[in-house]
Amino acid sequence: MPNSRPTTPFSGEMERKENQSPQGEVAGILVEFLEVAITSVVYLKGIYPSGAFERRRYMNVVVQRARHPQLREYIHSAVSGLLPSIQKGLVERVAVTFFNTDNIPMERFIFKLLVNQSFGSKVEESDLEFSLRSFLIKLSVSQPLTTVLPRDCRWEIMAYFRSLPQVSTSKDAEMWIPTDTKQWQQPPLITPIKSMNSEPLGLQLYLEHPSPAEQVSG
């Protein structure tokens, strides 16, 4: 689609520190990407007016940035709070979950990630960003794979940990609390969207929907 409106660089990126470990570099890039990708998911689902977002350019792709400070801060603080745990390989999945009025999940966008803890070489940032850019492109055209949501639905960002971070060693861990969200009783239907597997990082993006048996019983 032609770019009919001007775009400016996405300004939500975190400052990257020099002399980081390879895992720190990968985690920093990944967290920036997740902030943009999650915003793209929320925009894609259309639960807010289109005017709640503005066009930006990130990784040379036109993306959406939330205009509303609270929405922008929620996404930013959630993913940036995961940075230390992602760097240590503690986070297995990050999910954007949409619920109906009964607080039952209707749809999940899952980012399954693996930061290689034994990778010790220089991170080729351009190669990594090239791979992540393809996720943003694929995500922008994935609406036909998704479920139509009611206007009164709600959503939240959830993280699934391989092991829980020590609260005493990370203030960021304090913002993550166990969820009491209702879970599906049957294995979900999974729709792959995009995946990559490189030495420093493995990433999968896929959709989860309740199985037909779950929908009937619900």
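This is a predicted model: local features need pLDDT of at least 70, side-chain atom pairs count only at pLDDT 80 or more; totals for chains, interfaces and linings use all residues.
Trainee: How many of the 8 residues of S6 are buried?

Mentor: S6 is an edge strand of its sheet, pairing on one side only. Still, S6 is largely enclosed by the rest of the structure, because the buried count, with under 20% relative accessible area as the cut-off, is 6.

Trainee: Which order do the strands of that open sheet have?

Mentor: There are 5 strands, with antiparallel pairing. The edges are S6 and S7 (189–197), and neighbouring strands are turned by 15° against each other on average, ignoring direction. Reading across, the order is S6-S4-S5-S8-S7.

Trainee: What is the bridge partner of Ile110 in S8?

Mentor: Strand S5 (residues 105–115) pairs with S8 (residues 201–209) in the antiparallel sense, over 8 bridges. Ile110 has its bridge partner in S8, and that residue is Tyr206.

Trainee: Helix H4 lies across S5, S7 and S8, but at about what angle does it run to S7?

Mentor: H4 spans residues 125–140, while S7 is an edge strand of the sheet. The angle of H4 to S7 is about 155°.

Trainee: Is Ser142 buried or exposed?

Mentor: Ser142 sits in the loop between H4 and S6. Its side chain has a polar atom 2.8 Å from the backbone oxygen of Leu139, and it touches Leu44 and Ile193, not counting residues up to four places away in sequence. Its relative accessibility is 2%, so Ser142 counts as buried.

Trainee: Switching to the helices, at what angle do H1 and H2 pack?

Mentor: H1 runs over residues 22–45 and H2 over residues 69–80, with axes 9 Å apart. Their crossing is right-handed. The packing angle is about 145°.

Trainee: Which residues in H2 do Val31, Leu34, Glu35, Ile38 and Thr39 in H1 meet?

Mentor: Sorted by class, the contact of H1 with H2 has 5 nonpolar, 3 polar and 1 charged residues. Those from H2 are Ile75, His76, Val79 and Ser80.

Trainee: Now the backbone: what is the phi of Met59, which is not a glycine?

Mentor: Met59 is in the loop between strand S2 (53–58) and strand S3 (61–66). It is buried, with a relative accessible area of 11%. Its phi is positive, at about 55°.

Trainee: And does Asn60 count as buried or exposed?

Mentor: Asn60 also has its place in the loop between S2 and S3. Its phi is near 65°, a positive value in a residue other than glycine. With the cut-off for exposed at over 50%, its 60% relative accessibility makes Asn60 exposed.

Terms used. Residues are numbered from 1 along each chain as its sequence is written. Side-chain values use heavy atoms; hydrogens and water are left out. Axes are lines fitted to C-alpha atoms, for helices over the stretch in contact, and angles run from 0 to 180 degrees between N-to-C directions. Helices (H or I, at least four residues) and strands (E, at least two) are DSSP runs, numbered from the N terminus. A crossing is left-handed if the near helix is turned anticlockwise from the far one by less than a right angle, and right-handed if clockwise. Contact means heavy atoms within 4.5 Å. Ala, Val, Leu, Ile, Met, Phe, Trp, Tyr, Cys and Pro count as nonpolar, Asp, Glu, Lys and Arg as charged, and the others, Gly among them, as polar. Two strands pair if DSSP finds at least two bridges between them. Buried means under 20% relative accessible area, exposed over 50%, partly exposed in between (1.4 Å probe, protein chains only). A polar contact is a pair of N or O atoms within 3.5 Å; within protein, one must be able to donate a hydrogen and the other to accept it, and residues adjacent in sequence count only if both atoms are side-chain atoms.
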